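Dear colleague,

I am handing over the structure below, which you have not worked with before. Please have it open while you read the notes that follow.

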Protein chains: 2
Amino acid sequence: MDDEEARNRLLDAAEELFYRHGIQAVGMDRIRTASGVPLKRLYRLYPAKESLVSAYLERRDRRWTASLRASVAGAAEPVPAVFDWLARWFCEPGFRGCAFLNAYGELGVAAPEVVRVHKAELHALLAELVPAGAPPALADQLLILVEGATTVAALSPGPEPARRAREVAELLLRQ
Amino acid sequence: MDDEEARNRLLDAAEELFYRHGIQAVGMDRIRTASGVPLKRLYRLYPAKESLVSAYLERRDRRWTASLRASVAGAAEPVPAVFDWLARWFCEPGFRGCAFLNAYGELGVAAPEVVRVHKAELHALLAELVPAGAPPALADQLLILVEGATTVAALSPGPEPARRAREVAELLLRQ
DNA sequence: GGAAGAGGAGAACGGTCGTTCTCCAACGCC
DNA sequence: GGCGTTGGAGAACGACCGTTCTCCTCTTCC
């Protein structure tokens, strides 16, 4: 097992455990057990828990954003496509809301920078999708719909919040 | 200091510390110091940290819901009044999003029951406010707007998310 | 084959957690 | 005043945390 595979295993274990149970509830020893990577190597690759947490969120941010962009890129109607993508996300087993918001709620000001970066990226992505002549507040309103659907789905998973938000978004686009 | 005042001091300290720093980050000793209530009495009134956490959230739920209901009760347009109330909440110093969602994100399935109860109450309150002839999905959509505005404001406090959500809600009501 | 180094397994360390216990001062009752 | 009870202050306890260290087993190079 080379360092790259060790990193993958560590991030897989960290993502599974941190997302499901929260960050403070999961100890480094549990990540060692789940990943099979010895503690010594873990601390060589990630010198402290904080850096493992940041790496977990950064990898998740890259995958999440890339998946959403890819799904929207080929769509005839990009804004509704965002909510269709959300509906599929909400149905994934183990879905438990936005990992970045969960981390921010748990860690507050101690949350890693990538939380803010992730939300700024999402806002920028939505701003790219709105038609050229639309009012500038439209991207903000779409962001509220995306965050609201995600939050509602966190407590009662399933595609319905995304469908309801999509209806509202289509109404906004027709205005 | 009788038991009732001790309880008030404990819940004040718990609310301030748990909401600001998260639940797991705050130890019982810190609550003792902040409240001035001795550890022995703390454990007589709340036999474990878990019960103090539940009591903190339950008191917050009662105050939050009562304040929102009172503000909406006297309004000519109840639905927009919800968002005006949100705008004032988002401007309070130390605002850091919904305490119940933060607790759920941190504790997951171990979160106390009051988290679910709080969200069900909010949905029921919104369902009372929609006009009689409105489509049944309207309350769900308003809930998405409320949660979305709260979530967006958690990361960048201020009244704007509530104003943007209010515009969308008014558009929904006109449909 | 033997020396030297890397890497793994897991014990150990200091600190902090939730919770309990010890000790003592203050008070009511006779 | 003497005595039993209550409650406060804070030490103590066992468990677990993040992190480091020890020890041993392999591999590699000559």
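Two residues are taken to be in contact if their C-beta atoms, placed from the backbone, lie within 7 Å. This is a predicted model, in which local features need pLDDT of at least 70 and side-chain atom pairs count only at pLDDT 80 or more, while totals for chains, interfaces and linings use all residues. Residues are numbered from 1 along each chain as its sequence is written, and chains are lettered from A and ligands numbered from 1 in the order in which they are written.

H9(A) covers residues 160–174, and its 15 residues reach 22 Å from the first C-alpha to the last, close to the 21 Å expected at 1.5 Å a residue, the expected span being 1.5 Å times one less than the number of residues. A residue is called buried if 20 or more other C-beta atoms, placed from the backbone, lie within 10 Å of its own; in H9(A) the buried residues include A:Pro161, A:Ala165, A:Val168 and A:Leu172. The buried residues of this helix pack against H5 (78–90) and H8 of chain A, together with H8 (137–155) and H9 (160–174) of chain B.

In chain A, helix H8 (residues 137–155) holds A:Ala154, which counts as buried because it has 22 C-beta neighbours inside 10 Å. Leaving aside residues up to four places away in sequence, A:Ala154 touches A:Arg96, A:Gly97 and B:Tyr104.

The contact between the chains takes 36 residues from chain A and 36 residues from chain B. On the side of chain A that touches chain B, H8(A) gives the most, with 13 residues. By class, that side has 17 nonpolar, 11 polar and 8 charged residues, where Ala, Val, Leu, Ile, Met, Phe, Trp, Tyr, Cys and Pro count as nonpolar, Asp, Glu, Lys and Arg as charged, and the others, Gly among them, as polar.

With best regards

Conventions. Helices (H or I, at least four residues) and strands (E, at least two) are DSSP runs, numbered from the N terminus. A residue is buried if 20 or more other C-beta atoms lie within 10 Å of its own, exposed if 12 or fewer, and partly exposed in between; C-beta atoms are placed from the backbone.
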